[in-house]
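Let's take a walk through this structure together. Keep the sequence at hand as you read.

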Amino acid sequence: MSVTSRYRNAWESFWSEAPEGPGAVFWDAEPMLTAGRHLAHFEPHVVDPGLPMIDLGCGNGTQTRYLAERFGHVVGADLSAAALGHARRADPADRAAYRQLDAADKAEAETLHAELGDANVYVRGVLHQCEPDDRQPLADALAAFLGARGRAFLVEPSQAAGTVLMGLFQGPDGPPAKLAPVLRHGLTPGVVPDDAVPEHLRAAGLTVLASGELPLVTTEYTMDGTRIELPSAWVVAGRAK
Ligand SMILES: C[S@@+](CC[C@H](N)C(=O)[O-])C[C@H]1O[C@@H](n2cnc3c(N)ncnc32)[C@H](O)[C@@H]1O
């Protein structure tokens, strides 16, 4: 199965209107606060760091470029052509490769797996945003990317993020400026039940090798100058040895 055209169009129109430049969108935090922290938890479980690294749902590629400084072969993959346009413009040296694909379409994942072989995969803030029916297909496609030797790191807002988001929507000043375009394009931030991500991974035949909590740092601040962070849960997964 693949995503609905409503969902695809929502991302395409969001990225078509998104400003260029670091930190221009709500979740586009500096890699030292995001992928940099995540790698400390991910790398101990990576069996083969020489495998290609796929940044699945890479958006404008901020984390992809960081990964490309550390891994030899990095592919940023996204549903949206406009997102990939941002990512390519921000990477004039072609440190990473970019690819349009629907991560909820297992056949597309199998095609890329046939090209790349087993891969390690980084996923930040993609599954919670999907329509609920796309979550298991996305986990199934993830398993296809990994093959026998790849490992995945996923980080998604946890249930507690719902309360933080609700507070932002209902605050006296309305949602922060960078959250407004997300809503305008019909991308209501979803919240995945805390046990759903591990369950989807297990149903895809993967084993959860490690898990924990880390805040998902955003690029917005409260009125008192505090950076807005969404409570998030991370997991490392792969095929059992
Ligand atoms: C919240 S953004 C996160 C972007 C990036 N991971 C980051 O941390 O900056 C979610 C991204 O996932 C992409 N996406 C959503 N569903 C997807 C799918 N089924 N296949 C591929 N990409 C998808 C969207 O286009 C968007 O760029």
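The paragraphs below look at a cavity and then at the ligand.

A word about the model: it is a predicted one, in which local features need pLDDT of at least 70, side-chain atom pairs count only at pLDDT 80 or more, and totals for chains, interfaces and linings use all residues. Residues are numbered from 1 along each chain as its sequence is written, and side-chain values use heavy atoms, with hydrogens and water left out.

A cavity is a set of points, on a 1 Å grid over the protein atoms alone, where a 1.4 Å probe fits but cannot get out; its lining residues have an atom within 4 Å of a point. Its volume is the space filled by probe spheres set on the points, which are joined across faces, edges and corners. The structure holds one cavity of 30 Å³ or more, and the volume of the largest cavity is about 580 Å³.

Around the largest cavity are 38 lining residues, and Trp11, Gly57, Arg124, Gly125 and Val126 lie nearest its centre. Helix H1 (5-17) is among the elements that give two or more residues to this lining; H1 supplies the largest share, three residues. Here helices are DSSP runs (H or I, at least four residues), numbered from the N terminus.

What takes up the space of the largest cavity? The ligand does, where sitting in a cavity means that more than half of a molecule's atoms lie within 2 Å of its grid points. The ligand is surrounded by 17 residues, the closest being Tyr7, Gly57, Asp78, Ala103 and Arg124; a residue counts as near if one of its heavy atoms lies within 4 Å. H1 again gives the largest share of this shell, three residues.

Now for some distances to nitrogen atoms of the ligand. A polar side-chain atom of Tyr7 lies 2.9 Å from one, and an N or O atom in the side chain of Asp102 is 3.0 Å from one.

How values were computed. On a 1 Å grid over the protein atoms alone, a cavity is a set of points where a 1.4 Å probe fits but cannot get out, and a pocket is an open set with protein on both sides within 12 Å along at least five of seven lines; lining residues have an atom within 4 Å of a point. A polar contact is a pair of N or O atoms within 3.5 Å; within protein, one must be able to donate a hydrogen and the other to accept it, and residues adjacent in sequence count only if both atoms are side-chain atoms.
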